[in-house]
Amino acid sequence: MFGDKTSKFVVLGGLLIILVGSFAPNWIVNQFMFGFSRALAILGLMVLWRTGLVSFGHAFYFGLGAYAVAIFDIKFGVTDVFLRLLAGAFVAGLAGYLLGFIMRNYRDIFFAMLNTAISMVLFGIVVKTEALGSTDGFAISMSTIFGMSPESKYPLFVIITLVGILAALIVNFYLKSTYGRLTTAIRDNEIRVEYLGFSVAHAIHLKYTISTILAGGAGALMAMSLGQVDPESMINWTVSGELVFVTILSGPGNVLAPFIGSLVFEVLRTYAFELAPQAWQLIMGATFLTIIFFLPGGIWSLLEKFGGKKNGK
Amino acid sequence: MGNSAPILEVRDLLKTFGAVVAAKDINVDIFEGEVVGIIGANGAGKTCFVNMVTGYLAPTEGSIKYSGKELIGLETRKITHAGISRSFQVSQVFHSMTVSENLMIAIAIINNQGLDALRLMDTPEVRSQLDDILSRYKLDIHRDSTVSSLAQGVRKLLDIAMAVVSRPRILLLDEPTSGISVEEKFDFMDIVMGALRDDGVTVLFVEHDMEIVARYVGRVLAFYQGEIIADMPPKKALADKKVQEFVIGKEHHKQKK
Amino acid sequence: METFLTIVLDGLQFSSYLFIVSAGLTIIFGVMKILNVAHGSFYAWGAYTAAFFIGKFSDMGTPDAFGFLIILAAAIAVGLLLGYAIEQLILKHMYHRDEVLIVLATFGLFLVLEDIILIAFGTDPYFAFQPMALLGSVELGGIVRDVYGLTLIGVATLVAVGCWWLLNKTKWGTLLKAVIYDREMGISMGINVPLVYTMTFIGGAILGGLGGAYIAPTISVAPGLGTEVIVLSFAVVVVGGMGSIAGAAIGSLIIGLLRALAVHELPQVELFVVFAVMAIVLVFRPEGLFAPAKPRKI
Amino acid sequence: MNKGVIAALAVVVVGAVAFMLTGEPPKKEEVKADADAKQLTIAVPSFLTGGAAGPFGIPAMNGAKMVVDAINKGKLPAPYNTAGFGGASASIIELDEGGGATKQVAEYRNLVEKRNVNAIVGYISSGNCQALAPIAEELKQFTIFATCGTPRIFEEAPRKYVFRTMAHATADNTAAAMYVKEQFPNLKGYTGIQQNYAWGQDSWRDFDLTLKQILPAAQASDNVQFPKIFAGQYGSEISAMSLDPAELVHTSFWGGDLEAFIFQGAARGLFKEKTGVLTVGGTAAYRLGKKLPDGLVLGARGPYGILVKDRDSALNQWFINTYKNLYGTFPSGPAYQYGQAILAAKIAYDKAGSDATDEELAAALKGITFESFSTTVEMALGGGHQAITENGYGITKYDEANGENIVTNVKFYPATCVMPPEGENSVDWIKGGMKGAKC
């Protein structure tokens, strides 16, 4: 069941990174934390992308997750990592499930646009509401683990990585299930799927909900590892664009891709920002175009080339 | 057919698109095990009829009963579950996947409904069913080739094979031989009809080619401007004045061009 | 009454601005089926070019009226150069790709162009107040308004009429409409679609540039001014119906007036009302209020 | 079998290791230990992009660079004419402050944990300061905020490693209110337009509360505008204010937003009908020249820029002249404020030594009083972490003769008059009638 190569490597790789993290300097641990937090969201977008759906508004769920952590922290003093993660994933997932009833009827540009619209509505509300921190957002207190407040960030990093492993395993399994296999099928030919006796709407609804839960979790983890949330960097449409960016960068080939992709993205951004404080967007944009043009399969397809044999989904 | 109750009962079917009448006063009984040919010029309402029976189009008026059960208002997938399946004039398959992937998805969908769909797709039982279908439809050689790389004929074959995965009791074939070269036609139909006969499926197929009709069909429905102008055995139909004038005449005319 | 008149004028002024910007976007989408995120960059480049040269020329002592010429020139220059370059170097090679992927490509372009602005024009804001100062101000509905802002309404009307005329009264228009209706049909009719695409994209880019160039005198032209415009014009285009000029006009009016109303009566909702409308329209009328006709394909 | 995965894994691991070989810098403490290197790195974040760059970020950065350079060379006037920071010369890392608080937090972590800077001196946006204060505490990093204004930073929680060397927003607005009272004693009503975040909200709250205290006759408008920061177009807002009966408009706008607002307002005759109070107007005075309407009440967030142009202390004259020679314009507020923060850093290092730990540096700066370029700075609040300075306002006038803006009726209010005493929260202090204010 989880016996396939990918799963094994997810587990091995994850544990290895946890090990590496234990003696890596803080800033590297940070890169991994940010990278892997975001990777959760990418994992969800990957599922959608395989179905031919690209959401230009998943910052909505990313933001919901992050702000759930902030609000629960300020209003109810919730600091436990797992409670926070749960809160984020649940709030976003619930919203995603409800909106899914509408979203599942949309495709292509309309799907992308409707998601954008929804996310911008939230953006507008948060920015204008002082109670929600308006443009400043909130600072988030250090997370505790079962009541213990850790000295360093390492425990949080370990948890994020473990969550990442778990998510990767589940999604990997999902993709091999009938539901999962339907992704490409639906992209290819919805009529046939319906005639085979399967509801395309339901399938897409499930995928959408999964992607929103993951995005919410990602937001929550990101908020915890950063210690800060604000609308500009959590909800605005540019964030959605960023998420899609990383999805394309990673490539849909395998559940490992999002993790590698987001890691590359973090490093790329850190250095771009360090080398050219005024031109880092240019570097990112150029990279993005290059990927779209010369590497449609994303970084993963590159790895496959090195790896030689094509890796079946 | 005898006196047993019909498996498909169509009554006073009417379909209009604004002013255009696509189907009118259609009354047909189809009996278990029949092989029925549907002929008619382009736009005579053949495909429209197929679409209505499979729930892809909702009729304006009328009723379609399947072994006593009303089909009107059901979604296509419900009708598939009920036991009616179809193939398409332009083959509707998953072009970016291989033949076996196409069929495996079809099989898996039929096997795991609802939450079962979260089960692994690629299982031994799925595999065995796959091999069975591949061999019966002579698709083994193509099993690992991607659809987009296949010839029309093979796609059509796959299209039909996917339709029968659900083990339908009624199968509607929409112009199965269109786009297939004259030489291959009969081998193709032999494969298909052979396979179907083994399962005792009731078959309705839309066809332009009168030779095919004459060879495989026990009964002909001739459509003209949305109405059935003839419902009789093929020999009689091909001789029929109205049919010759409104259907075959045009057909021959068309084929000459 | 005073308030009402003011709201209407504010609304119309903002609508006009929205329309000029989104007209280009909707034309490009209608013809090429490309949702061009980089449209915001055309706007920004238009604004910068105009502001830069208006400043330069008035330093050289040329009469302020000259500013209007510069605005027009800037828009055309930006459209021609940027539009042509992007269409030829990037988009041309993507038409066979998935339309969503093209959107992403334009997003990449947007990022790049934003920073090129920084490199080209620096971070210091530009001011091109001369044209606005030239026209002075009038008392309307109890409050003073700058005439320049009001001319915006005129310009928008001109653009609207111009587009309508081009589409309905010229041979070019019939060709465009053919392509908009059905690309394959266009090709089969022997229309040189690639050329149509290039021209359309340049045209759209010019309109985007014009939006920026014309608004430049009223704002401090500073980095990052393209970002907001994109989502705003998306909202307009979606509300009106992607690819329809009339739709863009209606969309601009609805959003412009609603926003003005919000600012006066309920400032807190000013920002989100725009996108609320967008979402609602998408939910109840995905094709937009004024969707252009689509061919029936079975 | 699945080579792709192997390759993927390989890359991740190799990548991670590569970081540690190339990227891993010596641990922070070690850096500070080898003092004989006598080379410090000070990170100076400021707006290098966005609308705030021109009016704020760039002058601020210039001020910082100029002062650091002078300190390295020992060129500052007495008593700061010793070379270096505790003897060590410092190099600056320039950093863009744009992109939102969350991005800044990420960058800050990088500064501390990857680039191992010794001190971080700067920040303009209150949003960023508010977000970074807790992070600085978490990472135990000696940090001096230069310009940002919201009082919350030291009123929310006690800070150990964070300092701010200029007065917070309360001073700007209490002073503004007092100035308004003196200049327009029979004011009937006032309204305002603020950016929609901590800075704008606090500024309006303080100004409004103070006026309610000292000028109860004046009515606050119930339709105060809070547009999004960096919105750039204020047509409708200006209309709304024009329709408002209030005769006075208070704004805490700054940078590009302020300049855009001045243009659009001037073109609409807003400042003819109503008196504009610009708490951060100082930056515009030098930049806009004739375009700046006369008769605006203008502040510079303290005794900086145009308000102190004629103060002839050696330090001030040095600052103005050197800046003018280097950059061709007079130094505006942000230049002063960043210079002042750098100066504070020098003082801390001189006291604690160039190899001091963050704790020692914090101890050295805590609660001191020092003579800055244009004024006396007292680290009096927030347990000796928050500075108080005098605060002043004037009225703009374009001086045709010299073709430049000047301010008339300049009045300064002593620090203890416009800021709450230690331990008291500004809002409560104002509500309580500003007890203990020594004016």
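Biologist: Which residues have the most contacts inside the largest nonpolar core?
Modeller: This is a predicted model, and in it those residues are C:Ala47, C:Ala50, C:Ala235, C:Met278 and D:Ala345. The core itself has 451 residues.

Biologist: And which helix gives the largest share of this core?
Modeller: Helix 2 of chain A, residues 26-50, which supplies 17 residues.

Biologist: What is D:Ala345 in contact with, leaving aside its neighbours within four places in sequence?
Modeller: D:Ile42, D:Phe85, D:Ala119, D:Val121 and D:Ile144.

Biologist: What other core lies apart from the largest one?
Modeller: One of six residues, and among them are D:Ala169, D:Trp199, D:Ile229 and D:Phe230.

Biologist: Switching to the contact between chains C and D: how many residues does each chain put in?
Modeller: Chain C gives 31 residues and chain D gives 29 residues. On the side of chain C that touches chain D, helix 1 (2-32), strand 2 (143-146) and helix 11 (245-265) each supply at least two residues.

Biologist: OK, chain A now. How many helices and strands?
Modeller: Chain A has 14 helices and two strands.

Biologist: What does its C-alpha trace span along the principal axes?
Modeller: About 55 × 45 × 40 Å. Of the 313 residues in chain A, 67% count as buried.

Key:
Residues are numbered from 1 along each chain as its sequence is written. Chains are lettered from A and ligands numbered from 1 in the order in which they are written. This is a predicted model: local features need pLDDT of at least 70, side-chain atom pairs count only at pLDDT 80 or more; totals for chains, interfaces and linings use all residues. Two residues are in contact if their C-beta atoms, placed from the backbone, lie within 7 Å. Helices (H or I, at least four residues) and strands (E, at least two) are DSSP runs, numbered from the N terminus. A nonpolar core is a set of buried Ala, Val, Leu, Ile, Met, Phe, Trp, Tyr and Cys residues joined through C-beta atoms within 7 Å. A residue is buried if 20 or more other C-beta atoms lie within 10 Å of its own, exposed if 12 or fewer, and partly exposed in between; C-beta atoms are placed from the backbone.
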